Amino acid sequence: MIVIIDYDMGNTRSIYNAFTLLEKEVVISDDPKIISDSEAIILPGVGAFSDGMNNLRKKGLINILNEEVIDKKKPYLGICLGLEFLAERSYEGGTYQGLGWIKGEIIKIESKNSSIKVPHIGWDDTKIVKNDVLFNEIEDPIYYYLHSYYLKLDPRENNILTSICNYGGVEIISSIHKNNIFATQFHPEKSQETGLKLLKNFLETIS
Amino acid sequence: MLKNRLIPNVIVNNGNVVQSKQFKHTNVVSNAITAVDFFNSWAVDEIIVLDVSRHTDYRNNFHRIIEGLSKRCFIPLTVGGWIKNLDEIKKFLAEGADKICINTQAVINPEFIKDSSNMFGSQCIIVSIDVKKNLNDKYEVFIDRGRKNTNVDPVEWAVKAQDYGAGEILLTSIDRDGTKLGYDLELIRMISEKISIPVIAFGGVGKWQDLVDGIKIGKADAVSAANIFHYTEHSTFNAKEYMVKAGLNVRMPKFYKLPTPRKPKYNEIF
């Protein structure tokens, strides 16, 4: 059984639907017992960074996440905000502290080229920069993005980078993989079969 | 490179998918589940589902339709129609919607755009703008599904909606809706050039070239249509192919070997 963390922010239902289609037993929960019993943790998210972190804190989920993912090395898949939370801090509407599992910051998409629109909404070419199990057998990856902020990775973490997306000259980090931690800025649960295939690949890493 | 999007718009009236002509709703085309199943397995990039029912009796029905749809919709699903408060947005998101479209309530109370985009992120909030030309050839914003003229200028309103936190604009020409005369390119271009958030063009598509014109001439980021998809075989696939041939940067999806969603019977949902 895998668990989708319920913190009142994510499009949890869409992700639940995707894993259900892939015939995996999945629950949406904020219950520490269920989280601790699960085989893997999915942290989705749409919305503002500070609200999201606040909700995680209020629900007492940060300790459990640290325990399960960092101490016990349970497989983790973060989607969108679930990727952004991994950073040390975000500058969305102020300065807010993240989980700090990876070295980096969340900053606003800004381009010298004024023709790009923010939020970055829609399907975009995603360039795989490192062979990664998540992209097994996926050719020509095009994924659905929906965000205004992105991860600026500390160069010391460059080896965790697995894919990027060039949006009007801004190099957006599309996905990372560090030990048991996977995360995508794009939405695999909404990227039709190319996304479902990626989720299936994630499931294969835990079976 | 970011793709131009093709977005079918499913207009739901009293639980049925209908055709819309200048905001009058006529023939029942199908049920929403069948329509979305069809679109999901083809080459479209998102789906918008709008409830235009005037009878509030059908509202619960509509919620159940969305819940049913989201189980088999693995592309972004936008839901709109008569949304007035944050609780209802929350409810639709919990039912599996990814984005929310607001219209009348946003005009009545622009703070609603701010509140909802603060709570759910601006990427989640699409402000829908319905526009009609008056007798002096001036564009005006209409609300209440085309019944009420606000005398507001659509360009000013789009800029204001953006400032209040809208993530996208769904721009509909009421005059062109259902006419097959093509988009109102002048209107679309005026707004697309004035704002920095994406514009989805809607209303009037009668042939595939209209989609191309919406992007190339109207400068829309995404193109939407309704009626044309219901009556043309392999419609969305053909539309995409046409767009590719016209030199547009669009997505041709790849299909991998995965389980297919079980098709529930329509009456299982109700």
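This is a short tour of a predicted model, moving from chain A as a whole to one of its helices and then to a pair of helices in chain B.

Residues are numbered from 1 along each chain as its sequence is written, and chains are lettered from A in the order in which they are written. Because the model is predicted, local features need pLDDT of at least 70 and side-chain atom pairs count only at pLDDT 80 or more, while totals for chains, interfaces and linings use all residues.

Begin by selecting chain A, whose C-alpha trace spans about 50 × 40 × 30 Å along its principal axes. Of its 207 residues, 53% count as buried, a term for residues with 20 or more other C-beta atoms, placed from the backbone, within 10 Å of their own.

Next select residues 49-58 of chain A, which form helix α3; helices here are DSSP runs of H or I with at least four residues, and strands are runs of E with at least two, numbered from the N terminus. Phe49(A), Asp51(A), Gly52(A), Met53(A) and Leu56(A) are buried in this helix. Just after α3(A), look for Gly60(A), which takes a positive phi of about 65 degrees.

Now move to chain B and select residues 86-94 (α3) together with residues 111-120 (α5), two helices that pack at an angle of about 40 degrees with axes 10 Å apart; axes are lines fitted to C-alpha atoms over the stretch in contact, and angles run from 0 to 180 degrees between N-to-C directions. The contact, which requires C-beta atoms placed from the backbone to lie within 7 Å, is made by Leu86(B), Ile89(B) and Leu93(B) of α3(B) and by Asp115(B), Ser116(B), Met119(B) and Phe120(B) of α5(B).

Notes
Buried ≥ 20, exposed ≤ 12 C-beta atoms within 10 Å, placed from the backbone. Contact = placed C-beta atoms within 7 Å.
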